[in-house]
Amino acid sequence: MIAASAAPTMEIGYPSLALGYALLIIPFALMLWHRTPIVGRTIVAIARMTLQLLFVGVYLQFVFKLDSPWLNGAWILVMIGVADFSIIRGCGLRLGRFLVPVFVGLLIGTVVPLLYFLGLMLPQSKLLEARYAIPIGGMILGNCLRADIIGLKSFYDAIRKAEKAFLMALAQGARLSEAVRPFFRDAITAALAPTIATIATIGLVALPGMMTGVILGGANPMTAIKYQIAIMIAIFVGTAITVALAIRLTLNKSFTAYGTLDHAIFTATRKTKLK
């Protein structure tokens with residue numbers, strides 16, 4: 001467990017937070033000076049971030065106060081559901097076909113390392129204690145989301161772009177599992193590469209969120225380091241599981257009875273971009 005705080009966490013008052021928004025004058029001035037077309041999108045993104053985090057802050061105060069394992073588990077399921085929608089929309093794929101298999105991949109990829117972390121590495125805590133389960137689950141899930149988008153997009157876009165080679169493999173007698181193998185390998189590599197790069201440079205390039213949070217909470221830096229090592233392992237395991245499962249579980253929904261790619265899996269917007 002986290003060591004007792006050496007000092008109370010310094011509170012950021014709302015006036016101080018408003019000063020933080022004032023810092024945004026710099027990037028907005030740069031964007032306006034260079035006439036970049038992303039000013040409106042940036043304002044919307046910052047407004048969404050603020051509202052979402054304020055809502056989550058209010059809700060988490062309620063959840064932490066009750067600290068019910070059922071409520072905590074339900075909140076993690078809600079987070080997985082939201083991530084599920086985001087992944088499928090981000091990949092430009094049909095929601096109806098991918099909703100369930102991607103959800104199952106995310107669920108297993110998040111819950112397995114989370115329960116291992118909470119049950120074996122933090123045996124003193126209750127299995128689904130809010131202060132551990134929700135933030136650690138959120139960190140694992142956030143990385144699974146990013147890896148799933150990269151993995152699924154890479155996999156299906158690559159097959160579509162190299163469809164002649166894919167059909168040639170089928171024509172030469174390859175089974176579907178054999179024909180998709182090189183695309184699967186490339187998609188897994190692309191999806192895991194950012195996490196591997198982060199692991200390789202962590203602590204040298206930037207102090208990660210978990211470690212920073214534990215230190216800001218007043219814990220000993222070595223305690224923060226051990227937490228960070230544990231969470232990075234959990235994140236890597238979670239992303240590997242969820243990407244592999246997401247691709248495998250969607251295969252049955254994405255190919256015709258003859259083994260060819262069903263182009264109806266792409267949304268109209270995605271089809272236009274791929275042309």
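Contact here means heavy atoms within 4.5 Å. This is a predicted model, where local features need pLDDT of at least 70, side-chain atom pairs count only at pLDDT 80 or more, and totals for chains, interfaces and linings use all residues. Residues are numbered from 1 along each chain as its sequence is written, and side-chain values use heavy atoms, with hydrogens and water left out.

**View 1. Ile 136 and its contacts.** Let's start with Ile 136: skipping neighbours within four places in sequence, it is in contact with Leu 114, Phe 117, Leu 118, Leu 122, Met 210 and Ile 231.

**View 2. The largest nonpolar core.** A nonpolar core is a set of buried Ala, Val, Leu, Ile, Met, Phe, Trp, Tyr and Cys residues joined through side-chain atoms within 4.5 Å. Buried means under 20% relative accessible area, exposed means over 50%, and partly exposed is in between (1.4 Å probe, protein chains only). The largest core has 59 residues, and Ile 136, Phe 155 and Tyr 156 touch the most other members. Several helices give two or more residues to this core, among them H4 (69-91), H5 (95-121) and H11 (221-254). Helix H6 hands over the largest share, 13 residues. Helices (H or I, at least four residues) are DSSP runs, numbered from the N terminus, as are strands (E, at least two).

View 3. Rings of Phe, Tyr and Trp (its six-membered ring) pair if their centres lie within 6.5 Å; planes under 30 degrees apart count as stacked, over 60 as edge-to-face and the rest as tilted. That rule gives 7 aromatic pairs. Phe 55 and Tyr 59 are stacked because their ring centres are 6.4 Å apart and their planes sit at 15°. Both belong to helix H3 (residues 39-66), 4 residues apart, or about one turn. Phe 55 has 53% relative accessibility, so it counts as exposed, while Tyr 59, at 22%, counts as partly exposed.

**View 4. Tyr 59 pairs again, with Phe 62.** This aromatic pair is tilted, with 6.4 Å centre to centre and 50° between the planes. Tyr 59 and Phe 62 are about one helical turn apart because 3 residues separate them in helix H3. Phe 62 is partly exposed, at 47% relative accessible area. Ring pairs join Phe 55, Tyr 59, Phe 62 and Trp 75 into a cluster.
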